[in-house]
Amino acid sequence: MSAAGAKSPGALALVLHSHMPYVEGFGTWPFGEEWLWEAVACVYLPLLDLLDGAPVTVGVTPVLCDQLDAMRGEPGERYMRFLREIRAPIHAEDAAGLEAGGEHRLAAEVRRAASDYTRAERSFDDRGRDLISAFGSLERVELWTSAATHALLPLIATDAGLRLQLATGTASHMRRFGNWSGGFWLPECAYVPGLERELADDGVKAFCVDQTQVEGFDHLVPVATEPGPVAVPIDWDTVQLVWNDENGYPAHPLYRNYWGRTVHDLRPWSNSGEPYDHDVALTLAHEHARDFVTRVAKRLRQGGLVCCALDTELLGHWWYEGQAWLGAVLEEAESQGVRLVTVSEGIELVEPVARELAPSTWGHRKDFTTWDAPAVAELTFAARAAELRAVAAVAGYAAPHAALERAARELLAMQASDWAFMVTRDLAGDYPVERMKLHSDALDAALAALTDSAAVPEPSLRGLAPHLDMAPLTTP
């Protein structure tokens, strides 16, 4: 179907969920702030160029924004040193080593990949080192917020703790971007019935849910909840075309292999084990984009809203060619007559209907076991116990208090879903356990200072939650 042909009776909403746990200033290699630097260089900066003018929904978590905000200062200097003093030398060294070993094609690919980081250095400076303003100035893009530190909301122990996450998350978004459509990303798509009431209290108008496990559920029709927010089901038939490490697009033999590494963790091999050919891979990405849009068009023959939600970091980091694929999808949608919409536009186009929603996440088995199981019981208990200590200690405080603010920020850091995820997936050694203990000890020190004015700590926790909303904790 040509661009001049009839549009599909339904629409496609692409939702990119952008998130990074608070790692700035907490460790470097192999676990720590270099995760952020890599994501800025290889995901966020190129994404800004790609999405301007596209009707795409982009969630940017408050804790990611906290770190991007900080990069206007000294953390931005560390990022630039990372590019100049770490990434550039190791590309040169590994290319030379591969050349000496007769691996000329691998060496050439390492040299080519080095240009990703030189472009990232230039782009960061060209944007005035201000990525928050860059996201805020995107035309047609709908920005969503989330919980303050990506906490799994159904596992929070108290109403006060839940409201702290929600109020701080929405307040920080309004402070930074000035306006808000009401879109809210539920961390890990974790939902339980009744959560929409709390969301409504903080101005949420739309959120995504994963109801894949519910037999007979129509995933192409938004759900009207009684308190007001619209739940938009994720269409897993579409998502798994990308997010499947066995037979999704990224698993194709010609794409760059994420796991094959040189001495300095560079990746010059394809999934087939052969030297990676970037030009061939880009051609394939366009073919997969065409296939994706064709499949979406078939899904939409009877109308509806296809919501394809992906982790932003998948595109460019885990799947190196992912942003080339996304750019081609935007082009193919136009040529095949598939209407692209933001989520807000989609729920205007496809009328929501009232239906019951089941407890769910978009994690393994669609339940909560990634974050609430014996393997992570120590972390889960620590976060809940810290929350109870904090809520009990601050009850009745009406006036601002530096120690109280610091305790709240340490609690927010502990509540992040990332630590349990890392442990469950065995992704970061002892790093998540160490981070939890660090924040737990600091929280207790701050609480102790509530009765000892001589020991009051600084209220800030690096750049975490500068727009902290203390009302949920201090209001009786």
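The following dialogue asks how the descriptions of this predicted model are reached.

Modeller: This is a predicted model, in which local features need pLDDT of at least 70 and side-chain atom pairs count only at pLDDT 80 or more, while totals for chains, interfaces and linings use all residues. Residues are numbered from 1 along each chain as its sequence is written, and side-chain values use heavy atoms, with hydrogens and water left out.

Biologist: Which residues of helix 12 and helix 15 meet?

Modeller: Contact means heavy atoms within 4.5 Å. On helix 12 the residues are L379, A382, A383, A386, R389, A390 and A393, and they meet V433, M436, S440, L443, D444 and L447 of helix 15. By class, this contact of helix 12 with helix 15 has 10 nonpolar, one polar and two charged residues. Here Ala, Val, Leu, Ile, Met, Phe, Trp, Tyr, Cys and Pro count as nonpolar, Asp, Glu, Lys and Arg as charged, and the others, Gly among them, as polar.

Biologist: What makes helix 13 roughly antiparallel to helix 15?

Modeller: Helix 13 (residues 402-415) and helix 15 pack at an angle of about 160 degrees, with their axes 8 Å apart. An angle over 145 degrees counts as roughly antiparallel, and helix 13 is therefore given that name relative to helix 15. The contact is made by A403, R406, A407, E410, L411, A413 and M414 of helix 13 with M436, H439, S440, A442, L443, A446 and L447 of helix 15. By class, the contact of helix 13 with helix 15 has 10 nonpolar, two polar and two charged residues.

Biologist: How do you know the orientation of helix 3 and helix 4?

Modeller: The axes of helix 3 (residues 74-100) and helix 4 come within 8 Å and cross at roughly 165 degrees. Helix 3 and helix 4 are therefore roughly antiparallel. By class, the contact of helix 3 with helix 4 has 13 nonpolar, three polar and seven charged residues.

Biologist: Why is strand 3 described as largely enclosed by the rest of the structure?

Modeller: Buried means under 20% relative accessible area, exposed over 50%, and partly exposed in between, with a 1.4 Å probe and protein chains only. Five of the five residues of strand 3 (residues 142-146) are buried, so strand 3 is largely enclosed. E142, W144 and S146 point one way from strand 3, whereas L143 and T145 point the other way.

Biologist: How many bridges join strand 2 to strand 3?

Modeller: Two strands pair if DSSP finds at least two bridges between them. Three bridges join strand 2 (residues 57-60) to strand 3, and these strands run parallel. Within that pairing, G59 stands opposite W144. Strand 3 is also joined by two bridges to strand 4 (residues 183-185), again in a parallel arrangement, and S146 stands opposite W185 there.

Biologist: What makes the backbone at C189 and at P30 worth a remark?

Modeller: Most residues other than glycine have a negative phi, and most peptide bonds are trans. Phi of C189 is near 55 degrees, a positive value in a residue other than glycine. C189 lies in the loop between strand 4 and helix 7 (195-201), and its relative accessible area of 0% makes C189 buried. The peptide bond from W29 to P30 is cis, with omega near 0 degrees, and P30 lies in the loop between strand 1 (11-18) and helix 1 (34-51).

Terms used
Helix = DSSP H or I, 4+ residues; strand = E, 2+ residues; numbered from the N terminus. Axes fitted to C-alpha atoms, helices over the stretch in contact; angles between N-to-C directions. Parallel < 35°, antiparallel > 145°, perpendicular 65-115°, else oblique.
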